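Please look through the structure below before reading on. The dialogue that follows takes up some of the terms used to describe it.

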Amino acid sequence: MTDIEGVCEPRFAAVREAFAALLEKDDVGASAAVYVDGEPVVDLWGGYTGADRTVGWGRDTLTGVNSTTKNMIALCALILADRGRLDLSAPVATYWPEFAVAGKERVLVRHVLSHTAGLPDLAGLTTVEELYDREGVTARLAAQAPEWEPGTAAGYHALTFGFLVDEIVRRVTGRGLAEFFAQEVAGPLGADFHIGLSAEHDHRVAPLIPPPSLTDDYASSAPPGPDGERREHTGAAIRVGDVNSVAWRRAQIPAVNGYGNARSVAAVQSVLANRGSVGGVRLLSPEGCEPAWQEVFRGDDRVLRTPMSWTVGFGKFGNTFGWGGWGGSLVASDPDSRMTVAYVMNQMIDRERQEDNRGMEIIMAAYDGLH
């Protein structure tokens, strides 16, 4: 049996059992956390930081959560909107005048946050290294034409989401997302989550492990549609080796290069599930949380090739909202139950080869504790 450390209230014993089963079966190292009413009720971790299984996963182990980071930057936008600094219904060009070219004059802030802006890809991207040039990427996005009439269709903005929101936040506050999040969210909450990572934390990182039988060349890709066809994508492939590199950690790629553990992810996102406050710290008003679960778009997503419901910043799934990251990390919040559940791991699973229900198993086990 893999040793599991941490705390778990007795009524959430099913979470501990599900977590233990994952560590016995698919996972190498992982953490799971549940917050209810803004308070931690489950905070578990176990396994190992590497495929060689020599170093144990500790309380403060961090790992890259890929697109689970999007939940964090969406919260930053909602905080600014709640403070009256950012109008979700205003054109992006209100804050970023250079953006109003090539048919983007009518792109609204809420379009960017709901993946309906028509800018799902960075045109002409040929190398991963280009992503490390934030100013260059931003200038290219400002000049780019949308693929569709903004607001009329959705297509998952895997990388561009972060650069677009980052520039809007910079224009409003003078601070990039990494700095704004650290000062306005992680700091007040004492949450150990970082957008980009400085060298002082490198020793705590558990690198992502490619799916079984695959190597560090395993690359992210949009899933095929029902007919098996894939969206045409000419951009650079992002590989596990890139995500595990020091250059990736030091860069500012706000949609995807967040680092944390389940405790930190759940603590931050429970702010929205708990109507704006967690652990006695209020970050936004109850009303300011509501865009997180109010549907903006419902229909087929042109990139994900599946029916989706998008809110301002999040995927909506029944009564819950949240999003997951390439490889398996996941966070989901239920505002009716005031519950947030997070799962963070280092062993990736390729969903085209193997079903990956790990995060969902933790979430369903958490619901058992509510009854």
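**Terms and values**

Trainee: Which residues of α9 are buried?

Mentor: They are Ala 262, Arg 263, Ser 264, Val 265, Ala 266, Ala 267, Val 268, Gln 269, Ser 270, Val 271, Leu 272 and Ala 273. Buried means under 20% relative accessible area, exposed over 50%, and partly exposed in between, with a 1.4 Å probe and protein chains only. With 12 of its 12 residues buried, α9 is mostly covered. Note that this is a predicted model, where local features need pLDDT of at least 70 and side-chain atom pairs count only at pLDDT 80 or more, while totals for chains, interfaces and linings use all residues. Residues are numbered from 1 along each chain as its sequence is written, and side-chain values use heavy atoms, leaving out hydrogens and water.

Trainee: Why is His 115 called buried?

Mentor: Its relative accessibility is 1%, so His 115 counts as buried. His 115 lies in the loop between α3 (109-113) and α4 (134-143). Leaving aside neighbours within four places in sequence, its contacts (heavy atoms within 4.5 Å) include Lys 70, Trp 148, Tyr 156 and Trp 310.

Trainee: Why is β12 described as largely enclosed?

Mentor: Five of the five residues of β12 (residues 320-324) are buried, so the rest of the structure largely encloses this strand. Thr 320, Gly 322 and Gly 324 point one way, and Phe 321 and Trp 323 the other. In a regular strand the side chains alternate between the two faces of the sheet.

Trainee: How do you know that β12 pairs with β11 and with β13?

Mentor: Two strands pair if DSSP finds at least two bridges between them. β11 (residues 315-317) and β12 have three bridges, in the antiparallel sense. Four bridges join β12 to β13 (residues 330-334), also antiparallel. Lys 316 has Phe 321 as its bridge partner, and Trp 323 stands opposite Val 331.

Conventions
Helix = DSSP H or I, 4+ residues; strand = E, 2+ residues; numbered from the N terminus.
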